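Q: I am new to this structure and would like to go through it step by step. Could we begin once it is on display?

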Amino acid sequence: MKKLIYVLSLALMLCLLPCTSALAENYELTTGGSSKATATAIRVDREYAAQLVGSEVLYFKFTTPNKKGFYDFYAKNINISTHSWAGDSQVQFDLIDAVDEIFVKHYAAIGGERSANLELDRNTTYYVKVYNRSPNDTPGNFKIKVSFREDKEGDRLGNAVSKRIGEKVNASLDGKDDIDYFKIKTGAYKEYDFYCKNINISTHSWAGDSQFRVSICDAREEVLADYRLTYGSDNKRDGVTPLVTLNPNTVYYIRIYNPQEGIGNYTFTMSHHRNSISQAAVQVKNTYTYTGKAITPGVKVVYGSTVLKKGKDYSVAYSNNKKPGIATAKITGIGAYKGSYKATFKIRPVQAKIQKLSVKKRKITVKIAQDKNASGYEIQYAANSSFKSAKKISVNGNKAVTKQTPSLKASTKYFVRVRSYKKVGSQKITSVWSAPKSIRTKK
């Protein structure tokens, strides 16, 4: 008869609990054993529903995996009648071990649910004991679930998980009293950007001491930087990631914990602080002469009082640096420097040449050798070798040119020189003047 009552009660429970599709997804129906020896095996991370009848005591058992982690023990009194005003008269859910040591006691009135987080031994069998301490004998239903969160991070300096500079770390606090340690070795630089965010760890935001904590420590656990974050917040201020100064080539530790036992996810990144190369002073020689080959002048880059090193702090790429015109040296930051800066320099045409100088009465005829890379030429002449108050004739085009001056003073010695130029936009880049030649006009 008792067995029949139990079967009918179980059928009733099917009606009271969610539909079949939800049943398949969320929990399994089961029955408990009457002692630890006959306890029903349940699986970790699976929710179970069962029925409690009268004064019986039900036992369930599970074995923890051989992994370090934390467990959440959840229990719910769905509809078991109790005297809810006193914990001693409610349904009790005990998590115990083989020698009946109690780790968690959940009391639940009708409709009540409880959850507790704790750390258990690896590869060990534990038991869930369920019974109704109320004098009521009315049958009813309950749910239990044991969830596991593997703790993949070290919980002290000695087993801290190694991470690299610049690596984005996504991890979680997994249970009560969980502390995560990571270690990072700095490189050759002293300045580092350290970003961290509390993704979804619950905190008591009204008190800094009750918030999610992220600290940077040295090997003696002396705190060098400390950040306290509420749910969903990060450590930026006015959109700027904090800058920390550390010793080069030294191991430091990131310690993460939550004094309010919050469980959830977080992220952090420690990366080289990269100064903008555009703020540096860049020195490059301003003018060069066309050689037929690419011109790659050396540059000097100074950030503050520090002379930066090519290949370590920056790289240089050149463009338009073969023919006469305006060439560019693009300096791009590397290592501890970011961004880029463009420095320009001029490539002037080769020195122009006077092929022939002749005179006809009071006019001088000048023949200039062709420069295919020029845009034109200039002729300058004066009655003195210093070219004081000299006159100038401009010639467009880069073909060989023969040009005659206006009529000059008779029987006067004149000095003549020429140069070529390259037009770039509104700029005119000129070659150096040719060596002057002299000639005397006739009467």
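**A walk through the model**

A: Glu221 is partly exposed, with a relative accessible area of 34%. Please keep in mind that this is a predicted model.

Q: Where in the chain is Glu221 placed?

A: Glu221 is in the loop between β15 (212–217) and β16 (223–229).

Q: What is the phi of Glu221?

A: Phi of Glu221 is near 65°, which is a positive value in a residue other than glycine. In general, most residues other than glycine have a negative phi.

Q: What about Asn320, then: which loop is it in, and what is its phi?

A: Asn320 is in the loop between β25 (314–319) and β26 (325–333). Its phi is near 50°, also a positive value in a residue other than glycine.

Q: Is Asn320 buried or exposed?

A: Asn320 counts as exposed, because its relative accessibility is 59% and the cut-off for exposed is over 50%.

Q: Let us step back. What secondary structure does the protein chain have?

A: The protein chain has two helices and 36 strands. The chain is more spread out than a compact globule, because its radius of gyration is 43 Å, well over the 22 Å that the globule rule gives for 443 residues.

Q: What box do the C-alpha atoms fill?

A: Taken along the principal axes, the box is roughly 150 × 50 × 35 Å.

Q: What share of the contacts comes from residues 24 or more positions apart?

A: Such residues account for 67% of the contacts in the protein chain with a separation of 6 or more.

Q: A change of topic: is Ser431 buried or exposed, and where is it?

A: Ser431 is buried, with a relative accessible area of 1%. Its place is in the loop between β35 (427–430) and β36 (437–440).

Q: Which residues does Ser431 touch?

A: Not counting residues up to four places away in sequence, Ser431 touches Arg348, Pro349, Val350, Gln351, Ala352, Arg419 and Ser420.

Q: Which residues does His83 touch?

A: Leaving out residues up to four places away in sequence, His83 touches Ser89, Gln90, Ser134, Pro135 and Asn136. For Ser134, 51 residues apart from His83 along the chain, the C-alpha separation is 6.1 Å.

Q: How many cavities of 30 Å³ or more does a search of the whole structure find?

A: The search finds one. The largest cavity has a volume of about 30 Å³, and its lining consists of Leu173, Gly175, Lys176, Asp177, Asp178, Asn258, Glu261 and Gly262. By class, that lining has one nonpolar, three polar and four charged residues.

Q: What is the volume of the largest pocket, and which residues are closest to its centre?

A: The largest pocket has a volume of about 240 Å³. Of the 15 residues that line the largest pocket, the closest to its centre are Tyr189, Thr306, Lys312, Ala336 and Tyr337. The lining divides into seven nonpolar, three polar and five charged residues.

Definitions and conventions. Residues numbered from 1 in each chain as written. Predicted model: local features only at pLDDT ≥ 70, side-chain atom pairs only at ≥ 80, totals over all residues. Heavy atoms only, no water. 1 Å grid on protein atoms, 1.4 Å probe; cavity = no way out; pocket = protein on both sides within 12 Å on 5 of 7 lines; lining within 4 Å. Points joined across faces, edges and corners; volume = space filled by probe spheres on them. Nonpolar A, V, L, I, M, F, W, Y, C, P; charged D, E, K, R; others polar. Helix = DSSP H or I, 4+ residues; strand = E, 2+ residues; numbered from the N terminus. Rg over C-alpha atoms; globule rule 2.2 N^0.38 Å. Contact = heavy atoms within 4.5 Å. Buried < 20%, exposed > 50% of the residue type's maximum accessible area, 1.4 Å probe, protein only.
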